[in-house]
Amino acid sequence: MTTYYRYVLADVLKDVDRIIYLDVDTLVLGDLTELWKIDLEGNFLGIARDPLIAGYATLAQEFIDKKNMYANAGVLLIDLKLFREHNMGNKLIDFTVNTVDYCRYGDQDVLNYYFIGAYKILDSEWNCGIKLVDDIAEEDVKIVHFFGPGKPWGNSIFALYLIYANGKILDMEHKYKLYQYKLLQLSDGLDDKVTAIVKLNSFEYSRTLDSVLLQTYQDIEVKVIDTSHDNRVKRKVRELQLYHPNLKYYESEGNVGVSRIINFIIKNAKKYIYFVESPYALESNTIYDLVKISIEHQADIISVKNNIFKLSEEQYYYYATRDDVVKDISEKDNLDSLNGCLVKKELFDKIGTLDFENNKSSIVTVLEKADKAMIKNSDYLVKVVD
């Protein structure tokens with residue numbers, strides 16, 4: 001229902017004559033003053049073309065697109081004074097009720113149908129969908145709009161290819177997360193803290209780090225252990241630190257160094273510790289869901305099965321049955337790695353220093369100290385291969 005609030009902005013904001021409306025999945029990169037000053041030339045609103053409509057439009061949408069253009073309502077410059085003068089709020093509500101059978105996209109379709117020919121066409125730079133990012137010079141993009149399946153707060157596993165395919169989109173998602181982080185610092189409603197340990201052994205699969213930084217889980221610190229001996233990894237981390245203040249970098253020489261760094265990080269970690277290493281990538285809600293499972297089941301360890309994404313083929317392969325069921329593995333010896341595991345910090349406090357050079361030995365020790373260990377077969381962890 002909230003999407004229809006746009007109809008009544010003029011009635012709610014009675015002392016405001018003009019407004020810029022932005023969807024929550026937009027990222028402002030330019031000066032909005034320039035948008036604010038655009039002359040609407042007597043039209044009710046300013047709106048930009050929707051590039052996604054081509055190829056899958058309904059008959060009604062196709063008619064609108066051929067007649068004038070089909071627009072995307074995620075960015076609007078609205079003349080509220082004109083809306084009030086013509087009682088547009090009530091008229092749009094009535095029109096919506098009468099045309100509901102023809103509206104695949106709710107109020108966006110309504111605005112297209114009702115205001116055809118009565119709006120100012122804005123340049124695409126003011127509502128640049130990710131399909132248009134490569135068509136517009138980066139310095140000219142004023143507002144990025146993440147319409148479609150990929151969102152900066154929640155990419156599904158089937159949208160992972162976007163993370164690997166377009167670096168420009170990825171950079172914009174990191175900028176979005178920076179503003180999200182700044183907003184979080186002003187909030188009192190913080191989640192339980194998580195320390196994510198990311199081990200990178202090559203630049204080729206350094207997007208493992210991107211997938212961790214783009215988690216929906218808010219209150220997270222990320223520790224990178226670089227074993228690649230590739231300066232490109234270090235440069236990438238430095239670039240990402242501009243957007244992620246909670247990102248720390250550690251460079252390691254050999255397995256002994258890795259073990260020492262991991263123990264140091266664990267000693268100073270938050271309530272939960274999450275382990276992931278390249279060439280794996282995470283679905284955006286992975287850490288959020290695993291923390292939730294840990295709380296619900298009072299589990300010390302939550303592990304996940306991994307699936308495979310072939311980058312060269314753009315194909316996704318199921319490695320195990322995806323029953324999406326949480327299973328108790330406390331009495332079973334089927335955990336062979338901490339990769340993909342969320343572990344309570346207090347469990348490591350009981351253990352003390354671990355020898356992470358001997359992976360199997362450390363896993364056995366962790367399992368022995370766990371009162372409860374769970375595993376979930378889902379799409380949370382994906383191995384990305386060529």
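The buried residues of helix H5 are Met88, Gly89, Leu92, Thr96 and Thr99. Viewed along the axis of H5, these buried residues lie within an arc of 110 degrees, so they line one face of the helix. On the other side of H5, Val97 and Asn98 are exposed. The model described here is predicted.

Helix H5 covers residues 88–99, 12 residues in total. From the first C-alpha to the last, H5 reaches 16 Å, close to the 16 Å expected at 1.5 Å a residue. The partners of its buried residues are three helices: H1 (9–12), H4 (80–85) and H6 (106–114).

The largest nonpolar core has 31 residues. Within this core, Val194, Leu209, Val222 and Tyr274 touch the most other members. For Tyr274, leaving aside neighbours within four places in sequence, the contacts include Val194, Thr195, Ala196 and Ile197.

| Residue | Relative accessibility | Class |
|---|---|---|
| Cys103 | 15% | buried |
| Cys341 | 0% | buried |

Cys103 counts as buried because its 15% relative accessibility is under the 20% limit. A disulfide is a covalent bond between the sulfur atoms of two cysteines. The structure holds zero disulfides.

Note on methods
Residues numbered from 1 in each chain as written. Predicted model: local features only at pLDDT ≥ 70, side-chain atom pairs only at ≥ 80, totals over all residues. Heavy atoms only, no water. Core = buried A, V, L, I, M, F, W, Y, C linked by side-chain atoms within 4.5 Å. Buried < 20%, exposed > 50% of the residue type's maximum accessible area, 1.4 Å probe, protein only. Contact = heavy atoms within 4.5 Å. Disulfide = S-S within 2.5 Å. Helix = DSSP H or I, 4+ residues; strand = E, 2+ residues; numbered from the N terminus. Expected span 1.5 Å × (residues − 1). Arc of directions from axis to C-beta.
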